[in-house]
Amino acid sequence: MNKKISPKKIGRNDPCICGSGKKYKKCCMNADNNRIALKSEYEKKYDIILKTPDQIKGIKKSGRLLLSILDKVEKFIKPGITTNMINSLVHEEHVRAGAIPAPLNYKGFPKSVCTSVNEVICHGIPSDQVLKDGDIINVDVTPILGGFYADASKTFFVGTPTNDGRKVTNIARKALKKGIDAVKPGATLGDLGFAIQNYSESNGCSVVREFIGHGVGIEFHEQPQVLHYGVRGTGIKLVPGMVFTIEPMVNLGKKELHILDDNWTAVTNDHSLSAQFEQTILVTETGYESLTPFEL
C-alpha cells in the first residue's frame, strides 16, 4: 500500500510558489488569505459555493461535451423530425461520453433534454411533435460528467425562419450577450438583469420573470438566483469564483405565461413566440469566462 504524502505547507518566509522570487509573505499570502475569507463569507451569507480551480476544470470539461452535443443537434434539426428524436440523440451522446443527462428524472422530468417549440418558453417535454418549416426550437442540455454540471441552451431555426422567429431569436441571443458583458468583479446581479431587460424591452420584447438563472457546477441548481431583469447596483456583488447560468427567456409579445397540465411546459399566454439562449459563466479576477462558450 502506498503511503499518502501530505503537501508541504508554505511558510511565511518560503519562496512564493507563483515563481516571483519573493517571499510568500511579501507576495501571495494576503491574496490567499483574502480568497479563503471571501469563500467562507459567501457560503455562510448567501449559500454560494465559490469554485476552486479543480472544480472549474471539471465544469469546463462537462461544458465541452455539452457544446459538442448542441453542435450535433444543430446539424440534426430539420422539418419532419420529432422532438423525441432530438431526445434520443442527446441521450445517446451522453451515454457514449460516460455522462448523465441531468434533466432525466429530475423532480419527475421524464426526458433527457428540454425541447421548447415556438410559444413554449421553457421545459418543453420531448414528444412525437413533428417540427415544421418556420418553427423555432430551444434545446437545453445539462450533462453531469465526472460529477460536474454544465448548463447551456440555444434556439434553432427549423428550415427557413419567419420574420417573427428571426426577430425574437436574434433579440434573445443579443440579450444574453448584454447580460454576460455586464459580468465582472464588483458588479451586481442587478447590473446584468438590468442590461438584459433594458435591451429586450427597448426592442419591443418582454422578459419572463418566473424562470431565472442559477448557480451551477456542483449541483444542478445552486445559489445565487440570477434574475433577467432588475435595477443597477442592486443584488449580490459578483466576486471571482462564482459560477452561474444566464439564460434570459425573451417573448415577442407579453411576459405573462401559464404552465400546461404536464406541470412542466411553460407557454406564453398570448401565444407569441419565445426564444432563449443560455451559457454557464465564471466570474474571474478581471471579468468573466464562459464555461460553455459559443458565438452570440
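## Cysteines

The sulfur of Cys 114 lies 7.6 Å from the closest cysteine sulfur, that of Cys 122, which is too far for a bond. The structure is a predicted model. Cys 122 likewise takes part in no disulfide, its nearest cysteine sulfur being that of Cys 114. A disulfide is a covalent bond between the sulfur atoms of two cysteines. The cut-off applied here is a sulfur pair within 2.5 Å, and a search of the whole structure finds zero disulfides.

Both cysteines can also be placed by their accessibility. Cys 114 has a relative accessible area of 10% and is therefore buried. Cys 122 has 5% relative accessibility, so this residue counts as buried too.

## The β2-β4-β7 sheet

Cys 114 belongs to a strand bridge: its partner in β4 is Asp 140. β2 and β4 (residues 136–141) run antiparallel and are joined by four bridges. They are part of an open sheet of three strands, ordered β2-β4-β7, in which the pairing is antiparallel. At the edges are β2 (114–117) and β7 (152–157), each of which pairs on one side only. From one strand to the next, the twist averages 20°.

Two helices pack on this sheet. Helix α2 (residues 53–76) touches β4 and β7, and its direction makes about 10° with that of β7. Helix α3 (residues 83–96) touches β2 and β4, with its direction at about 25° to that of β4.

## Helix α2

The 24 residues of α2 should span 34 Å at 1.5 Å a residue; the end C-alpha atoms are 35 Å apart, in agreement with this. Buried residues in α2 include Ile 56, Ile 59, Leu 65, Leu 66, Leu 67, Ile 69, Leu 70 and Val 73. Gly 58, Ser 62 and Gly 63 are also buried.

## The β8-β12-β15 sheet

A further open sheet has three strands in the order β8-β12-β15, and its pairing is antiparallel. β8 (206–207) and β15 (274–276) each have a single partner strand, so one side of each is left without a neighbour in the sheet. Two bridges join β8 to β12 (residues 249–251), and these strands run antiparallel. Val 207 stands opposite Val 250 in β12.

Helix α4 (residues 163–181) packs on this sheet and touches β12 and β15. The direction of α4 makes about 145° with that of β12.

## Helix α5

Helix α5 is mostly covered, with 10 of its 14 residues buried. Among them are Leu 189, Asp 191, Leu 192, Ile 196, Gln 197 and Tyr 199.

The cover over the buried residues of α5 includes helix α4 and the strands β8, β10 (222–226), β11 (243–246) and β12. Just after α5, Gly 204 takes a positive phi of about 80°.

## Thr 265

Thr 265 is found in the loop between β13 (257–259) and β14 (266–268). With 6% relative accessibility, Thr 265 counts as buried. Its side chain makes a polar contact of 2.6 Å with that of Asp 262.

Neighbours within four places in sequence left aside, Thr 265 is in contact with Val 120, Cys 122, His 123, Gly 124, Ile 125, His 258, Ile 259 and Leu 260. One of these is Cys 122, the buried cysteine described above.

Conventions. Residues are numbered from 1 along each chain as its sequence is written. This is a predicted model: local features need pLDDT of at least 70, side-chain atom pairs count only at pLDDT 80 or more; totals for chains, interfaces and linings use all residues. Side-chain values use heavy atoms; hydrogens and water are left out. Two strands pair if DSSP finds at least two bridges between them. Axes are lines fitted to C-alpha atoms, for helices over the stretch in contact, and angles run from 0 to 180 degrees between N-to-C directions. Contact means heavy atoms within 4.5 Å. The expected span of a helix is 1.5 Å times one less than its number of residues. Buried means under 20% relative accessible area, exposed over 50%, partly exposed in between (1.4 Å probe, protein chains only). A polar contact is a pair of N or O atoms within 3.5 Å; within protein, one must be able to donate a hydrogen and the other to accept it, and residues adjacent in sequence count only if both atoms are side-chain atoms.
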